[in-house]
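Take a look at the model below.

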Amino acid sequence: AGKAITAVMHSDLRIIDPIFTTAYITRDHGYMVYDTLVATDSNFKIQPQMADWKISDDKLTYTFTLRDGLKWHDGAPVTAEDCVASLKRWAAVDGMGQKLMDFTASIEATDAKTITLKLKEPYGLVLDSIGKPSSRVAFMMPKRLAETPPDKQIPEQIGSGPFKFVQSEFQPGVKAVYVKNTDYVPRKEPASWTSGGKVVKVDRVEWITMPDSQTAVNALQSGDIDFMENLPYDMLPILEANKELTLEVSNKFGFQTLGRMNFLHPPFDNVKVRRAALLAINQKDVLDALVGNPKYQKICGAFFVCDTPLATEVGGETLVKGNGMAEAKKALAESGYDGTPVVIMAPGDVTTLKAQPIVAAQLLREAGFKVDLQATDWQTVVSRRASQKPPKEGGWNMFFTNWVAADVSNPIANLSIGGQGKKGGWFGWAEDAKIEQLKDAFVRASSLDEQKKIAADIQKEAYEQVIYIPLGQYLLPSGWRKSLSGVLDGPATPLFWNIDKSE
Amino acid sequence: MTNTILDINNLVVSVGKKPGGPKIIDGISIQVRERETLCLVGESGSGKSVTSLTTMGLLPKGTLVPTGGSVKLVGEELLTATDRRLRQLRATQMAMIFQEPMTALNPVVPVGRQIDEVLRAHTNLDAKTRKKRILDMMEQVRLPQVERIFASYPHRLSGGQRQRIMIAMALVLEPKLLIADEPTTALDVTTQKQILTLIRDLQRDHGTAVLFITHDMGVVAEIADRVAVMRQGRLVETGPLETVLRNPTMEYTRNLLASVPSLVPRSPREETREPVVLEANDLSKVYKERAFFGKGREVVAADKVTLTLRKGRTLGIVGESGSGKSTVARCIVRLIDPTSGGVRLAGREIADISRRLLQPHRQKIQIVFQDPYRSLNPRVTVGESIAEGPINYGVAHTDAMKRARELLELVGLPADAVSRYPHQFSGGQRQRIAIARALALDPDVLVADEAVSALDVSVQAQVLELLDEIQKRLGIAILFITHDLRVAAQICDEVVVMQHGRVVEQGPAAEVLTHPKEAYTKALLDAAPGRDWDFANFRPVAEGVGASA
Amino acid sequence: MSVDSLPQSSIPITSPLRPRFGFLTSTPIIATATVCLALVVVISIVAPLIAPHDPIQLAPSQRLKPSSAQFLLGTDAYGRDLLSRVIYGGRISLLIGIGSAILSVAIGLAIGLVSGFFKLVDAVMMRIMDGLMAMPSILLAIAVVSLSGASLWTVLIAITIPEIPRVARLVRSVVLSAREEPYVEAAISVGSSLPKIMWRHLMPNTIAPLIVQGTYVCASAILTEAILSFLGAGISPETPTWGNIMAEGRQYFQLKPSLIFWPGLLLSIAILSINLIGDAARDALDPRMKQREGK
Amino acid sequence: MPVMGVVALFVFLLLRLTPGDPAAILAGDNATPERLERIRTSLGLNEPLIVQFVTWVNKLLHGDLGTSLISNLPVMKMIGQRVEPSISIALSTIILAVIVAVPLGVIAAWKHGTWIDRFVMGLSVLGFSVPVFVVGYVLIEIFAIDLRWVPVQGFKSISNGFGPFFERIILPTCALSFIYIALIARMTRAAMLDVLGEDYVRTARAKGINEVAVMMRHALRNAAVPVITVIGTGFALLISGVVVTESVFNIPGIGRLTVDAVLARDYPVIQAMILLTSLIYVVVNLLIDVAYTLLDPRIRY
Ligand SMILES: Nc1ncnc2c1ncn2[C@@H]1O[C@H](COP(=O)(O)OP(=O)(O)OP(=O)(O)O)[C@@H](O)[C@H]1O
Ligand SMILES: Nc1ncnc2c1ncn2[C@@H]1O[C@H](COP(=O)(O)OP(=O)(O)OP(=O)(O)O)[C@@H](O)[C@H]1O
Ligand SMILES: [Mg+2]
Ligand SMILES: [Mg+2]
């Protein structure tokens, strides 16, 4: 039957419309089946993928030209119209896409292979948006699918990517199967992150869901599976000793973990109380509990991820140094906090989200907060965090989540930073006009230096208002059997092209 | 002298393995010879069953242990025989029939196969021969349609038929010894009569020695060649039937015989003009049984029963099992609702009034049940049980308890019994407590549903005496239900004979029981075992009649 | 024969209702079980006095430490003292076990008694009970817990609800057979009211089977709580229960088996003891068992 | 049938009256209230409860279980994909449990009061006291990782040959049987003890047939009814066990499907699953009723 890779991904695939949801596993699925117009390389630079582009001198017109040989999985050629429809569907729901559309005058297929995007005024993030490597990625799909309203899932999986989805073998929550798309014409350039030539060397990739990471580790050790995306940190010593395995971090920037407060309800509707909470928390405790391995954790006060162009530490001193507790107590006492219990949602079923609420709860208690730590599962958190009701009626005060670094590395991509409030804001619904102004300025900025300066201002304001609390960064080691070779680094996701398997 | 088949010599059976344990059987010696029937009699708990089980080697392992003496079957010692040897002897040399025909057969195996098992275990016959032999045996025990019954499950057979199957099973290999442990106690008198005749006939044909266990003196008179009387694990008296019945040497035996009520009705009491306290008019009860598939079954358990009871009198209802006696009683006490007809209690119609309206009338009619072991709540003290009724009707607790003490004394129990629990009393004592409870409400009518049927004759005699005495003293009316004609003859003023839910004959006891008009009543009387014997006077009835005539 | 010459009972006055705890020491095994259970209960009650550390106090830098003088059994993945957590864990686990036993028995008893006596209620109630019984209990529990949030109460309720129909059915069957007992009919005929009959004559009959059922529920509730924790629908991860210590510890199964071993051991001891005591109680309360010895 | 009605109504109300929003789960991050509202509408969650219920029941009566809110697949198909593993485990567990437990129970009853009896009973109580996932892990550690006799996880359909099927199903079966064996062995023993006190057993002994025949032909057959009953009621227990076992051994069965669905608020799937398991339960108990009539000629419906 040819070469087949069996992989356990970080979670189970259920929703397979990569525009409909932001779930990372759905994004990963997207990279198998779909392709993008342009893509990000390992230097955060945008490279051509399905299309090359030209920018007019006034920076108002972007012309994308599709390369030759692109075909949908059903055999039809890829047309510019398909891509326009795809871009529109994506832009209707994606944060960066929406921003882009605010600046866009028109987007049209000028001929079968040409897409013309006209801006109302110059906008610095056109390519960064269309080529963004993580959720939601602007994947291209046939027009008939792309015309599905974004609030409905697309009915079938037809892309132009390097793998084809085997619908008949798809079992949500159990497995998803991809086979090599033999019609795919890779680019000539070497692969670099999501850009470059996507050369598929195996015939079949199976994603298997294992809800229990212990089971998955067992399976990796015994050779039942070839690849495991996320290894539990505590198993590393055992796995490292296993000669049959390669352990590596393929996403070098890792993830940012963060805590978010609900701005609508007491006590966190009061900025002084939020400040006190910020002071009480330190990243080391969180990371120690979450990771517990200096090799894979990084204390970092930057909202936009350390070691990236926009990184700065301004404002996060106590988080980083861990010396804010005394101040926190004082601040809390002065804030007028009346003892309203802080409802923290604590999901028990996601390994990378279990520790944060528990550690935070303890630190907040130490500072004088009353904390009501409510155990749930992640899906419940997801559903509950969307509720704007007060905690007593099924709402909440604080939850934690993780972003892949690429998703937060600039103020536009970073959904969690924003000040749109109850209407368009992210869960927690912070209302902050200043941040919104700064973000507008950021997209108009013409140089990196200017962007850096604005980003620093945003961060300062974010810390001041405690828009969210960055809790540090961590890296997730993946593991695979030595029979696999050519596993690529990625910005966010394991990439299954270029991997070869020996028997 | 014919051969001795079973020779029990100085047998001792104790509880537990240690020799010091209490002795259940204490040195009894019994011989049964070929073609002979030895009746083993004695009150409940005297050790009759233990004796028979010891012989069969079926004593519960570890709890009851033979600790002395010997049991020989045709000269072979059984107490020291191996399990294997005992298994070989069972069914081939000795066989046993048990009391309860309803439970002694495996409910999930067709009866033919159950008999077949005996043949398979002990012979090498092929299937055809075995079946032939079984059918033959089934015919000998006078079962009808043997082919059909062969393939039937036990629940499709009547009690009598089941007991016949048991007998066929026991005799199919022509054992030398047949032990029958109360084989007819659970059966109707008419069926009992058939089974007894059957055993006697088979014994004659096969030359079997029979050890027949019973507590019914009537049965003894019917079937025994010799009699052995047991009491508390000891042998009181043995001897040929005539000798024991005519000239019992021991006091205990005399008492036992004297307690057997006579079939000859007691001399009738004067007719009274006392008011009628209880009347049933055309009382009917139909039980509807719901079924999952098919139509439900309807049982007409009582069919237009009419009866009248006057103050201070005793009315007996007699009839075979299933004739509807209890149904009538329950309808009258309104434990169940009659389907139609009326019940008048002291002039008030109570058959169809609501349970709430019934409440004040309940105290006027009280009931005593058959089973002395189950009619008292084991978790409630005797005193509380008795006082429950008065308390329900507003008597203060202390007064009710005082009354309970008085009542206990009235029924011949110490007053301090109030604080004890039922399990601390014997069956007879419990029945007295039940009577005390019924009396606690000063009822006009006392319904006694087989109130003495479960008791030993001696105890039975005491309870009957008690009822009589109470009636004299308090003047209450008694509705007395029994299947035992002897009892009916001794206590009732009037008798109602029931069959299939209908009253077939009714009249003064002396009249009905001596000169029955209906064939059914005649048959009933005919079937009463030992009806030719007047036990209490140690002579055949004929002699008594002759003497007094 | 005179009435007065009847043999008087010489058995001392004992009440069949008064609890007889003699069976607790009837065999060495039961005695051991009793002692073990008592120990576990006492440890749980006095947990605050004997636990060396605060079971909730995190020390992320101390995670997964092996046994040492400071942490006798080592620490868990958050650097919390395992010994203290195991000691405290018994509190919630036993509370859930006992609580769910008491709740399900009390509610089931009420439903069973009433259904056993009223045909109409019975018809409706038993349909509902059948429905509840037919639903897979663990799924029901997960649904209740994850839909309405995990707290001690929701977990307790989620575990208890599926047990109720079993208890109710049991009580009902006992009542249905007991109400045919002559002594119940006797009580009716002396004019006792329904509540009185239920309370005094029917209810006591259900005690023996309920004790058995209760111990069974208790044991299975403790297990179910563990399973709920395992499936991620248990009580708050801060609050230690044997179940969630194990559920958390399973990720470190190969690394530090003691995380599963110790709570598992205590859990097994407790359940084993409860089961044994339940069996012994049944034997002690069921007169038929004694009879059977003889057969 | 009324049972299923009760179940249907109960489940529906339970799900709709408790908080949780499948739309939010579907939409993921940056879901604005408007977008959530639109998704809810497109899923039909904004209809009045009674309309939703009637729609659902109506579809149900036409054999349509609806479409998963999350994966957008027909529920029927999702369940269809998952049935085989669960049924396989359930059946193999029952078979194994009966094969092991019934003889154990019979022996314990036969040797009533001896150390054999105590040993068997002790073992079965132990079976009750260890959570199934612990048993599972220990089995995996020993037989799959250390000894490498069998694969760690997964399921292979029997259509791939008996060998692969068997080696993957044996560990879960053993793990799950543990508690079931305990249950059945105890019940068998108790039922046997009851039966051994019956008159007909004494009759059988009086016939002089050997003990094995007494045990098997007379006692066991009569003890079968309560034993089978417990197998039936234990079925609910089995379903719980299956859920956990499926997680531990990563078996794509209906247990996990349901747990996942509950967590994701995938109402149509939860409803269908609980209804289905209830139906199975009802059917199993119906079959058991039929078995009664075969085993005991006295029982007729
Ligand atoms: N298994 C046993 N263990 C201890 N004592 C027993 C056992 N079986 C019977 N007994 C006692 O042995 C005595 C004799 O009992 P047995 O059954 O032989 O009486 P019985 O004469 O047959 O009475 P009944 O007429 O009631 O059948 C009784 O006191 C009884 O309590
Ligand atoms: N609850 C019931 N449901 C259906 N049929 C019943 C019920 N109770 C009694 N019967 C039937 O009604 C008939 C009369 O029963 P009843 O108990 O009145 O007889 P009995 O004369 O008291 O018999 P016994 O002497 O055996 O006590 C019998 O055929 C019996 O099977
Ligand atoms: Mg006897
Ligand atoms: Mg009767």
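Residues from chains B and C surround ligand 1, so the site is shared between chains. Keep in mind that this model is predicted.

Who lines the site? The shell around ligand 1 holds 13 residues. Among the closest are B:Ser44, B:Gly45 and B:Lys48. B:Ser49 and B:Val50 also belong to the closest group. Helix α1 of chain B, residues 48-56, gives the largest share of the shell, with three residues.

Now look at the polar contacts. B:Lys48 places a polar side-chain atom 2.8 Å from an oxygen atom of ligand 1. B:Ser46 uses its backbone: a polar atom there is 3.2 Å from an oxygen atom of the ligand. B:Glu182 has an N or O atom in its side chain 3.3 Å from an oxygen atom of ligand 1. How much of ligand 1 does the protein bury? Taken alone, ligand 1 exposes 630 Å², and the protein buries 63% of that.

Pick out C:Val121. It is found in helix α4 of chain C, which covers residues 119-134. Is C:Val121 buried, partly exposed or exposed? C:Val121 has a relative accessible area of 32%, so it counts as partly exposed. Patch members need over 30% relative accessible area, and C:Val121 has 32%.

Technical notes. Residues numbered from 1 in each chain as written. Chains lettered and ligands numbered in written order. Predicted model: local features only at pLDDT ≥ 70, side-chain atom pairs only at ≥ 80, totals over all residues. Heavy atoms only, no water. Helix = DSSP H or I, 4+ residues; strand = E, 2+ residues; numbered from the N terminus. Buried < 20%, exposed > 50% of the residue type's maximum accessible area, 1.4 Å probe, protein only. Near = heavy atom within 4 Å. Polar contact = N/O pair within 3.5 Å; in protein donor to acceptor, adjacent residues only side chain to side chain. Areas by Shrake-Rupley, 256 points an atom, 1.4 Å probe, with all protein chains shown as cover.
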